[in-house]
Amino acid sequence: MTDDTLQIQPAPQPSGPVTDVAPSPHLADSGQTTRAMMVDVLVALIPVVCSALYFFRWHAVRQMAICLAVCLAAEAVFSAMRGRRPPLADGSAAVTGIILALSLPATAPWYAAAIGSLVAIGIGKSIFGGLGMNLFNPAMVGRAFVMISFAGALGAAGYQDPQSQIDIMTRATPLTAFQQSGVVASLADLFRGSTNGSLGETSALACLIGGLYLCLRRTAAWRIPASMLAAATVIALLDTGLSPHGWTVLHHLFGGALLFGAFFIATDPVSSPLTHRGQMIFGAGIGAWVMLIRIFSGYPEGVMFAVLLMNGFTPLINRWTIPTPFGGRLNR
Amino acid sequence: MNGGPTASQRFFLGILPENPVYRQMLGMCSTLAVTNNIQAAVTMAAAVLFVLVCANLIISLIRHWLTPYLRIVIFTLTIATFVTVADRALAAFVYPMSKMLGPYIPLIIVNCIIICRCEVCAAKQGPITAVADAAGQSLGFGLALVSLAAVRELLGSGMWFGSRVLPEAWPDWVIMVLPPGAFLTFGLLMGLVNWFTARRAGKEGA
């Protein structure tokens, strides 16, 4: 049937310029390849990885090794199943693996990391058609899957391991401690990262260094973290203004995964909007959702759900914010 | 009224080529809601089998008296009668299962599969064809439900029919027995069915 239709059409003539059709990220600068972007992200993750290694020792090594290995293997297998050459060299699977590992608690069992990686690459990315086609941030899809599946091991209580040799792992995470018993962590600890939490989120300093590098290199769109932090600050100001309780705006900003999420998760170029105005809306939306979940829900932290929610809005935001060309007017 | 597939064709069409769930994507509500364990899935499929066979038979017998503008009302009333019978019977004899299925047995009244079969087959063809069609479609529905439930119950609680299949060390994937697991499993199984169908079609065509 298809043969007939093919024969009717004239043979394609290679004349004149050919329009390149490619999946996002759409980059105007041809010097900036996917590989270069991913390497940039990996470089920016170095301070975060270092802080994770420093505070969580071999727990961080184990988590990153499992996630990296399973993500790369899954990428290879699923690409082969789709009849493609495994695009391991572009580094996107490695980035997904590292970010997923850094978003898991140090106590996470091995199968949680492995299943999370498999789901991140398989259901988060490959099923949509590979890099650039996915609707949702792959690492967060994987994390959400294992978080809901193994709520006992990975929920707020799962972060604590009373038998651990590492002192900070025996304590509750700062957000959980505050939500459940009103204990306010010291700002210096939150800034340095000497608190319990997901591997990569504890050190605000490391996230800031890596994030600023990403923004200065223009690998990450600065509008997303800027608007996200701005929205979070506004809601935190309202919250602390209405009911002062020692957990200040800076605690809100430095605690939990807000900075890690703002710089490394929300800025994923595939699942965030393309337009400048869209990026502002997207970032502000995530910031607002994070704060709403923190203040009003049973979860101590909400970066993952906030990012996934706003990922779902990305196509709509893109459509809302199509820029009007100079002298032109949008036809309705 | 002649024409249309014969009884045996109707029966086999319903099982796979025109599977109500994987092919027609009808009755999604109950499909996604009751497939977190195999027992519930089997009960649901049995209830649908009973309702569909009875409704198709009755509609087929009275098909010459149906008027176009009243037919949907007649379909719904017929279906509702048998759904009520099924619902009360379940509540009387297997109360825990009836409680577990909750509103999904009464909701068979609005299940598109049944009204679709009344419209497509029973209102146009004789009672034997209609009953064969109902049986085929119900078996297809049951097959889809059990396949979904088998995956979800195994991964989500390590069990089949409520008894342990996987070793104790198996960490239950709780998400699989929750609604997201239904959507994920359904999507993946549907992809698998489409893949197999495409491969078979490719082989036959070549």
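**Contact between the chains**

The contact draws on seven residues of chain A and six residues of chain B, where two residues are in contact if their C-beta atoms, placed from the backbone, lie within 7 Å. This is a predicted model, in which local features need pLDDT of at least 70 and side-chain atom pairs count only at pLDDT 80 or more, while totals for chains, interfaces and linings use all residues. Residues are numbered from 1 along each chain as its sequence is written, and chains are lettered from A and ligands numbered from 1 in the order in which they are written.

- On the side of chain A that touches chain B, helix H6 (residues 138-149) of chain A gives the most, with three residues; helices (H or I, at least four residues) and strands (E, at least two) are DSSP runs, numbered from the N terminus.
- That side of chain A comprises six nonpolar residues, one polar and no charged, with Ala, Val, Leu, Ile, Met, Phe, Trp, Tyr, Cys and Pro counted as nonpolar, Asp, Glu, Lys and Arg as charged, and the others, Gly among them, as polar.

**Fold of chain B**

- Chain B contains nine helices and two strands, which follow one another along the sequence as α-α-α-α-α-α-α-β-β-α-α.
- The C-alpha trace of chain B spans about 60 × 55 × 25 Å along its principal axes.
- Among contacts in chain B between residues at least 6 apart in sequence, 76% join residues at least 24 apart.

**Helix pair in chain A**

- By class, the contact of H11(A) with H14(A) has 18 nonpolar, five polar and two charged residues.
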